[in-house]
Amino acid sequence: MRISYPTSIKIIKVPCTGRVDIIHILKAFEAGADGVYLVGCLEGDCHYLNGNIRAGKRVKYIKKLLEETGIGSDRVSMYNVSSAEGMKFAEIAREFTEKIKALGPNPLKLIRV
Amino acid sequence: MIVADRKPFDEIIKMLAPYSNILVLGCNECVTVCAVGGAKEVAILASQIRMRRMTDGVKTKVDEKTLERQCDTEYLEELKDVIGSYDAVLSLACGCGVQFLGERYIDTPVLPGVNTTFMGVTEKQGFWTERCQGCGNCVLDRTMGICPVTRCAKSIFNGPCGGSWGGKCEIDKDLPCAWHLIIERYKERGRMDAFMEIIPPKDWSTARDGGPRKRHREDMEI
């Protein structure tokens with residue numbers, strides 16, 4: 001298909017989005033990421049039954065943590081895409097990149113303490 | 001186990017304002033099980049504090065450590081060589097741990113990162129409820145294993161009050177009336193006779209009303 005998506009996106013592979021812990025996302029922001037999004041399988045299609053649903057709940061919780069931390073809740077998102085939806089994957093990558101560009105860089109990168 | 005809740009983040013940040021070199025200290029016991037003060041939560045809170053202090057433009061060093069327990073001196077000793085290098089310790093243990101640590105190391109401020117809420121159980125993953133108030137004089141043998149002190153909003157001892165409706169308590173439609181549960185169980189076990197038994201007033205001097213409590217076993221002393 002050779003569909004392109006923004007080069008600013010760095011993909012980290014995990015066996016299931018259910019593996020992604022709160023601290024992984026926080027550490028990404030601490031390290032300077034401008035945004036983080038999880039791409040899980042479609043709901044109901046999880047190989048591990050409900051990993052993607054749990055990841056979705058976790059993302060909601062992380063939004064709260066990021067809001068109180070001063071990073072902002074909009075910098076993290078969860079999407080559900082089937083592995084057969086290459087077009088949608090690229091579309092989401094562009095959509096999220098645009099959203100983060102509008103928000104500007106991670107506030108931590110603008111500060112020199 | 002002892003169940004706690006993390007304090008509001010802004011309250012923690014305000015508490016830490018005078019300090020720049022901070023140790024976030026977890027406890028491997030109850031607060032780990034109720035997902036508020038174990039190594040995982042220490043890492044999350046420390047990361048949040050680092051980021052918030054950075055965005056606030058305050059230079060901060062935040063370290064992380066989790067002790068096996070904070071309510072036993074043998075584990076507190078692990079900190080003796082390092083605690084002096086911190087301006088303050090933010091403890092995620094229950095109130096017992098926070099105080100005991102503060103008693104052991106009087107020169108370092110020990111601050112509470114959680115609100116200790118109750119003694120309870122894990123009803124299901126992510127959901128904890130209260131079961132015991134530590135009244136010091138257990139009545140579960142007479143109440144079919146259901147505690148009226150804890151689970152009745154009024155801690156009454158003589159059956160459901162007028163606020164019991166359809167088996168639920170008037171303070172919350174989802175809260176079962178403890179005395180409704182007790183009587184149902186008396187009936188199931190054919191023990192309504194036990195309910196009719198007259199019991200003298202409860203001695204509350206063993207509860208908090210008698211002041212701070214202690215327990216002593218001389219044979220265990222070293």
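User: How many salt bridges are there across the interface of chain A and chain B?
Analyst: The rule finds 3 salt bridges across that interface. A salt bridge here is a side-chain nitrogen of Lys or Arg within 4 Å of a carboxyl oxygen of Asp or Glu. One of the pairs is A:Asp21 with B:Lys40, whose closest N and O atoms are 3.1 Å apart. Before we go on: this is a predicted model, where local features need pLDDT of at least 70 and side-chain atom pairs count only at pLDDT 80 or more, while totals for chains, interfaces and linings use all residues. Residues are numbered from 1 along each chain as its sequence is written, chains are lettered from A and ligands numbered from 1 in the order in which they are written, and side-chain values use heavy atoms, with hydrogens and water left out.

User: Got it. Which helices of chain A touch chain B?
Analyst: Helix H1 (22–30) and helix H2 (51–69) of chain A each supply at least two residues of the side that touches chain B. Helices (H or I, at least four residues) and strands (E, at least two) are DSSP runs, numbered from the N terminus. H1(A) gives the largest share of that side, 6 residues.

User: And what classes of residue are on that side of chain A?
Analyst: There are 10 nonpolar, 2 polar and 5 charged residues. In this scheme Ala, Val, Leu, Ile, Met, Phe, Trp, Tyr, Cys and Pro count as nonpolar, Asp, Glu, Lys and Arg as charged, and the others, Gly among them, as polar.

User: How many residues are in contact between chain A and chain B?
Analyst: 17 residues of chain A are in contact with 17 residues of chain B, where contact means heavy atoms within 4.5 Å. The area buried between the two chains is about 1500 Å², and carbon and sulfur atoms give 65% of that. Buried area is the accessible area (1.4 Å probe) that two parts lose on being put together, summed over both.

User: At what angle do the axes of H2(A) and H3(B) cross?
Analyst: They cross at roughly 35° and come within 9 Å. Axes are lines fitted to C-alpha atoms, for helices over the stretch in contact, and angles run from 0 to 180 degrees between N-to-C directions. H2(A) makes the contact with A:Leu65, A:Glu68 and A:Thr69, and H3(B) with B:Ile44, B:Gln48, B:Met51, B:Arg52 and B:Thr55. By class, that contact has 3 nonpolar, 3 polar and 2 charged residues.

User: Let's switch to sheets. What is the strand order in the parallel one in chain B?
Analyst: The order is E3-E2-E4-E5, in an open sheet of 4 strands. Two strands pair if DSSP finds at least two bridges between them.

User: Why do E3 and E5 of chain B each have one side without a neighbour?
Analyst: Strand E3 (61–67) and strand E5 (110–112) of chain B stand at the edges, each with a single partner strand, so one side of each has no neighbour in the sheet. On average, neighbouring strands of this sheet are turned by 25° against each other, direction ignored.

User: Which strand pairs with E2 of chain B over 4 bridges?
Analyst: Strand E4 (residues 88–91) of chain B does, running parallel to strand E2 (residues 21–27). B:Val24, for example, has B:Leu90 in E4(B) as its bridge partner.

User: Which helices pack on that sheet?
Analyst: Helix H3 (residues 39–55) of chain B packs on the sheet, touching E2, E3 and E4, and its direction makes about 170° with that of E3(B). Helix H5 (residues 95–104) of chain B also packs there, touching E2, E4 and E5.

User: What about the antiparallel sheet in chain B?
Analyst: That open sheet has 3 strands in the order E1-E6-E7. Strand E1 (residues 2–6) and strand E6 (residues 114–124) of chain B pair over 5 bridges, with B:Ile2 opposite B:Met119. E6(B) also pairs with strand E7 (residues 127–132) of chain B over 5 bridges. In the hairpin of E6(B) and E7(B), with 2 residues between the strands, B:Gly126 takes a positive phi near 85°.
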